[in-house]
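Here is a friendly briefing to read alongside the sequence and the 3D view. Please have both open before going on.

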Amino acid sequence: MQFDIDHIIILHDDLSAAADAARRLGFITTPTGHHSREMGTVNTTLMFADKKTYVELLAIDQPTDRNAPMRAALAERGPHVFGIAFKGNAQEAHAHFKAHAIDGGAPFDFQRPVDVDGTATMARFTVAPIKSGALPGLYAFVCDQLTPQNVWIDSVLGHPNGARALRKLVGTAHNVPAVLPRWTAFAGDAVDGRAGGMRVTTSTCAIEVTEGGDLPFALSTVELAADLDAARACLEAANVPIVANNGSIEVPDTIGFGAKLRFVAA
């Protein structure tokens, strides 16, 4: 099956501070969303004009059994790129995962309140979980967007920094040959093993990983398609350190966003 990236999850211990960092970087943040009591989490999102991708900033609201792995990950690593949600039909994805012995249980529905142009409504999703550890070092699932019109809302798509879409996720794996078969079981031909690394190609956002680091798998850089002139002007006005490098603008994680950013021409 083909699994395209829907959104990434950056896990934080303080959602307010994370949202402040995002706004300083030139993003529009959505109002705080509260998940179910069982999940015990809250979020804000950075939605992109491609209407295909976004970044979710996620934090713990109340400790629950469901969010225990998130709390453990925060204790070990602090704010970081914690997970990836892939697009797809949840029931078909579940069947695929069962066939490869990587399913994490039956698909389940959840929803969160949203405001669409002053009208209170719900964003609804069906999630197909992937077995914990199936993709080492990464929380992953398939997110079946049931109400995309309540997620990609026009009023929050025009970021002052010019960001328009997720383009690439870059990171390291301590032992690429060990994680490569796991990724192949998940994404098949989309995975390309190469000397010293691997690449996962999707229609929305690629993943590039090189051998290195101490963790099984860690994503450290989020690359965004953007208007580079807008990005530079916005970041310089906010006194955010940047590095201009061969047609891109890189932002080290110095203000608590939870990941490095790289802006490239849209």
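Which side chain does a polar contact of 3.2 Å join to that of Tyr 54? The partner is His 7; a polar contact is a pair of N or O atoms within 3.5 Å, where within protein one must be able to donate a hydrogen and the other to accept it, and residues adjacent in sequence count only if both atoms are side-chain atoms. This is a predicted model, in which local features need pLDDT of at least 70 and side-chain atom pairs count only at pLDDT 80 or more, while totals for chains, interfaces and linings use all residues. Residues are numbered from 1 along each chain as its sequence is written, and side-chain values use heavy atoms, with hydrogens and water left out.

**Around Tyr 54**

- Tyr 54 belongs to strand β4, residues 54–60 (strands are DSSP E runs of at least two residues and helices H or I runs of at least four, numbered from the N terminus).
- Tyr 54 is buried because its relative accessibility is 2% (buried is under 20% relative accessible area, exposed over 50%, partly exposed in between, with a 1.4 Å probe and protein chains only).
- Leaving aside residues up to four places away in sequence, Tyr 54 touches several others, including Asp 6, His 7, Phe 48, Phe 125 and Trp 152 (contact means heavy atoms within 4.5 Å).
- Between the C-alpha atoms of Tyr 54 and Ala 85, which sit 31 residues apart along the chain, the separation is 10.0 Å.

**Cysteines**

- The disulfide count is zero, a disulfide being a pair of cysteine sulfur atoms within 2.5 Å.
- Cys 143 has its closest cysteine sulfur in Cys 205, and at 15 Å that is too far for a bond.
- Cys 143 is buried at 3% relative accessibility, and Cys 234 is also buried, at 17%.

**The largest pocket**

- A pocket is an open set of points on a 1 Å grid over the protein atoms alone, where a 1.4 Å probe fits, with protein on both sides within 12 Å along at least five of seven lines; lining residues have an atom within 4 Å of a point.
- The largest pocket holds about 920 Å³ of space, a volume being the space filled by probe spheres set on the points, which are joined across faces, edges and corners.
- Its lining has 44 residues, and Pro 69, Met 70, Phe 82, Tyr 139 and Ala 140 lie nearest the centre.
- Helix α2 (68–77) gives the most to this lining, with six residues.
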